[in-house]
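Please examine the structure shown below.

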Amino acid sequence: MGESITDGTLAAFLKKPGDSVQIDEPIAQVETNKVTIDVASPEAGVIQKFVAKEGDTVEPGTKIAIISKSGEGANVTHVAPSEDKNTVKESPKPSAPAEKEIKPSVETVVAKDKLKTPSPALSTTSATEPKEREIKVRMTRLRKSVAARLKWAQNTYATLTTFNEVDMTNLMKLRSEYKDAFVEKHGVKLGFMSGFVKAAVSGLQNQPIINAVIDGDDIIYRDYVDTSIGVGTPKGLVVPVIRDAEKMNFADIEKEISRLAKKGIDGSLSIDEMAGGTFTISNGGRPVVVDGNIVARPMMYLALTYDHRLIDGREAVLFLRRIKDVVEDPRRLLLDI
């Protein structure tokens with residue numbers, strides 16, 4: 001499952017008792033805090049019965065199903081979920097196991113021990129029993145993980161947010177003028193996110209403390225920018241990382257954003273693709289006054305949230321000022337001014 005993951009939730013069975021399966025064919029999915037992992041069949045045969053149920057908490061070693069190898073002698077196989085096949089699929093609900101069981105020959109497990117105590121089922125006698133016209137739904141592991149991390153960050157860091165605003169006119173004009181030529185040459189659309197990534201890289205290079213982190217009594221300065229990009233998915237927000245963004249041009253960034261976004265939506269992001277970001281970008285227009293007249297301008301707020309134990313307001317203001325300067329005049333990136 002990966003070194004950082006100790007257990008998961010048996011999210012769905014992809015087969016039902018009586019179904020034939022091939023070796024390495026996915027038969028179930030385990031939802032972890034970060035990704036959904038397929039559990040592959042160790043042998044070809046017929047699923048005899050399930051010995052775990054959807055919603056159970058499982059860990060490496062948990063037995064989940066028994067497969068008959070066409071009447072051959074008993075053969076117990078321990079398998080681990082494959083992170084190479086962690087796609088999210090709609091799964092049929094299993095039918096009830098047959099009353100009369102055939103002697104099994106293969107035990108399919110999630111890689112080493114015994115069943116953990118199942119997660120408690122949805123309780124209808126809870127103290128927070130839903131009222132009429134309310135529906136109570138168990139949180140996904142991903143949503144619980146996000147909630148826990150946000151609370152941990154709130155309790156750990158001295159967070160402060162500094163604001164500025166930016167006029168998107170010139171960046172939008174640049175995109176409008178070159179979007180067709182960009183697609184023709186690079187095979188990917190020119191979006192606004194690449195402009196903000198490039199602006200952030202420039203700002204982080206101008207204010208290295210923004211890209212630093214506290215480690216005990218030390219400060220670690222990074223001379224690289226691994227930019228995390230928020231991607232909304234049906235199961236919640238995931239934050240894949242664009243590695244070494246400082247070495248990439250607009251086309252490289254757009255291609256990587258497209259690749260990671262597709263993997264995020266279909267649930268195939270790996271743990272490594274979401275770990276180790278040094279700076280995170282998520283992105284927001286409104287009417288403004290220009291020369292005394294209220295006109296529609298593509299304005300956006302910029303908000304930098306940072307650890308005030310490490311970063312002073314001056315550095316935050318200068319960083320946002322750099323973002324504003326670069327977005328409002330993208331030519332600065334070409335001239336490095």
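Serine 41 is located in the loop that joins β4 (36-40) to β5 (45-50); strands (E, at least two residues) and helices (H or I, at least four) are DSSP runs numbered from the N terminus. The model is predicted: local features need pLDDT of at least 70 and side-chain atom pairs count only at pLDDT 80 or more, while totals for chains, interfaces and linings use all residues. Residues are numbered from 1 along each chain as its sequence is written, and side-chain values use heavy atoms, with hydrogens and water left out.

With a relative accessible area of 1%, serine 41 is buried (under 20%; exposed is over 50% and partly exposed lies in between, with a 1.4 Å probe and protein chains only). A polar atom of the serine 41 side chain lies 2.5 Å from the backbone oxygen of glutamate 43. Beyond its neighbours within four places in sequence, serine 41 is in contact (heavy atoms within 4.5 Å) with residues including Val21, Asp24 and Ile67.

Strand β12 (residues 227-229) pairs with β15 in the antiparallel sense over 2 bridges. Threonine 227 has isoleucine 242 in β15 as its bridge partner.

## The chain as a whole

The protein chain contains 6 helices and 19 strands. Of its 337 residues, 40% count as buried.

Definitions and conventions
Pairing = 2+ DSSP bridges. Polar contact = N/O pair within 3.5 Å; in protein donor to acceptor, adjacent residues only side chain to side chain.
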